[in-house]
Amino acid sequence: MAEAVILRRKFSAKDLAIQALFLAVIVVIVAEAVSSARTNLAEMGLSSGLAFLDRATGWSYSFSLIDHSIDDSYRKTLFIGFLNTLFLGLVSIVLATVLGFAVGTARDANNIAVRSSATIFIQLFRNIPLILQLVFWYAVLIHMPGPRQAMSIADAIFISNRGVMVPGLTIPTVAGIGLTIFAVVAGVLIARLSALRTSLKLLIWLAAVAALTLLLWVTLAPEGAGLVSAPELKGLRFVGGLPLPIEFVAMVIGITLYGAAYIAEVVRGGLQEVPKGLIEAGRALGLQEGMIWFKIKMPMTLRTIIPPLGNQWVFLMKATTIGVAIGFSDLFMIVSTSITQSGQTLELIGILMAAFILINFTLAQLVNLLNARLRLKGH
Amino acid sequence: MTDIAAAPPSTVGTASHWLKKHAFSSLPASIATVLFFALLLYIAYLVFDWAVIGAVWSAENADQCPTAHGACWSVIDARYRLILFGLYPYDLHWRSTLACVAIILTVILSCIPLFWSLKRLALLWVVGFGAYYLLMEGGPIGLQEVTTDQWGGLSLTLFLFSSVVLIGMPMGLGLALARRSKLPVISYGVSILIDFIRSLPLLTTLFTAAVVVPILLPDWLHGDKIWRVIIAFALFFACYQAEVFRGGFQAIPRGQFEAGQALGLHFWQILGRIVLPQVFRHSLPGTINMVVVTFKETAIVIIIGFFEILASANAAFGTGEWAPYYIEVYVFVGLIYWIFIFSLSQYGEYLKRRMSVAKR
């Protein structure tokens, strides 16, 4: 009763009626959608539910970090797609951020030649749709010579129409991913030990990563294999090393260049906001330009650009979906193939949406955390 | 001696001063200047050599292409109609051309401050879009009818772009107003919708509209696939645009609303006469950014099976004889996109600068 009185005091009858109508319309739309879905699915002879997840798929796809076969269940295949999306997204985000910071710094440089090069880079890659850039890189890679005439860089990296072969550790892929995660987590943890000097921190981190690498090599690498294997041409194909399929390489190149152009603009915006007085103070103290960048410009810039930078990361993560245009098996491609093959449209779209909401939410939390840590104390 | 004294004193001095400051301030800076300019010149030379000096230009000379060391523009000469107009009937390409001109004119005219009022912009876009639609479709004005499934190439890209902006803009304003509503059911409901759409990739939204919506709707509501996709795209546009408008609303002090109430104006009068004109001005740079993004993103409809300019480009070199010249086709399409997007975003930058000066 009391609540009703408060409601009545706060809203007029008209306001309540409008809200009730709004709710009623939503309820009618949902009910209508559910009943239509029932009749339409019944006509197609499909049963809804998640039982199909345990069925074998019977089809294959281009890229996976772990072993896969056509006998895998839908559950495992979808999980592989999710991993592929995360992997491609993270690799591209890291590369685009590094390149973006470099180009953004160049864009803000005093030197006219450096600045114009950066401007040309940004204007070129930002003003052409990402998907056009992707199909372009894919077409370029697919027109590369075959493995026998592969282009080689220092006899270590080979580029052919089968993919890019790079030297790699001999440990299994899953162990390699574990190692990378360990390196990142250890790096974050060690960086937080504020008592130590930076050089000592770096040393500890390197030692820890090297120790784990050796341990993995001793326990998991095949008998007699060296720590690193380089790709070698044997007959018609390459053996050893780490093969990167052209779909993956084209995606990484495309997203990295496009993302870097956007991130560079964000970085430039941040650099321009750094108060002039601070930079002049640094010069007055006799700091080199490099030190001014490291100790004054970057800390100040990072504080202002984390939110827009986070937006770019989220955008790049979502952009992985257009990999389907060149046949990269990300989550979207796996889901759309699954829909064609199994007909479980509603369930699969639900899974796709849930996965992206999860990714977005996690990234947003990470960005908030980063933002909170980098904020000036007392602000 | 007097001659020298009378010569304009500053230009040479400032130019060399400027060069010294921005190009040769120190030894490393001078080396960087020379290296970077050498690299830029070299790339420019390579591009020029490929695109102009060594290029084959006309379709009749296509037989020279395999031996030429430059670009084979013959493929563009032979196939530009396919790239621009898709599968539109060949004899009626003049209609496609006029329709594209109508849309481009609409966009250009929208950039002129003379048209910056709600009524004029709405009228301009409805007229421009109407002209496009009537020319392309033909039926209603007594020309030969051409259905949407025959539209393609650049004209389809422009169609998607303009209809998304035309439908999405009022939708975005509606969503922004609803999100600011003092009625909690409506503002929460709309907030959830906006955040939901914004957290999904555009491709997922469009795919849902193309594939899933037919399952959820009764038969009579299905409509054309192209309209379902356009409405979903417009919803995506509207959810982002609503946030742009929200920023504009936040820039308006509450006092203005209260002043309107004190004058005895209605809610809608205050909104239409006082608040909205300022909101539009404040959100102009963000809006232009959204329009640019929308134009770029139209390219992904190729994935759900529309024959827009990227698809028609793929078709242009898809047949055997032109297959080796894919780079030329992509460069041509990239250039079309680049010109549109570069000019629009430069215009946005210009407005942003002008507005920040005006604020000071």
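Predicted model: local features only at pLDDT ≥ 70, side-chain atom pairs only at ≥ 80, totals over all residues.
**Chain B as a whole.** I started with the secondary structure and found 15 helices and zero strands in chain B. Next I looked up how spread out chain B is. Its radius of gyration is 26 Å, while the globule rule gives 21 Å for 360 residues, so chain B is more spread out than a compact globule. I also noted the spans of its C-alpha trace along the principal axes, about 75 × 65 × 40 Å. Then I checked burial: 35% of the 360 residues of chain B count as buried. For contacts in chain B between residues at least 6 apart in sequence, I found that 65% join residues at least 24 apart.

**Helix H12 of chain A.** I turned to residues 345–374 of chain A and checked the helix length. At 1.5 Å a residue, these 30 residues should span 44 Å, and the end C-alpha atoms are 43 Å apart, which agrees. Which residues of H12(A) are buried? I listed A:Thr345, A:Leu348, A:Ile351, A:Leu352, A:Ala355, A:Phe356 and A:Ile359. A reminder to myself: an α-helix has 3.6 residues a turn, so residues three or four places apart point the same way. I then looked for what covers the buried residues of H12(A), and it includes H3, H10 and H11 of chain A together with H8 and H9 of chain B.

**Where the chains meet.** The contact takes 41 residues from chain A and 41 residues from chain B. On the chain A side, the helices that each supply at least two residues are H2, H4, H5, H11 and H12. H2(A) gives the most, with ten residues. Sorting the chain A side by type, I got 26 nonpolar, 13 polar and two charged residues.

Methods:
Residues numbered from 1 in each chain as written. Chains lettered and ligands numbered in written order. Helix = DSSP H or I, 4+ residues; strand = E, 2+ residues; numbered from the N terminus. Rg over C-alpha atoms; globule rule 2.2 N^0.38 Å. Buried ≥ 20, exposed ≤ 12 C-beta atoms within 10 Å, placed from the backbone. Contact = placed C-beta atoms within 7 Å. Expected span 1.5 Å × (residues − 1). Nonpolar A, V, L, I, M, F, W, Y, C, P; charged D, E, K, R; others polar.
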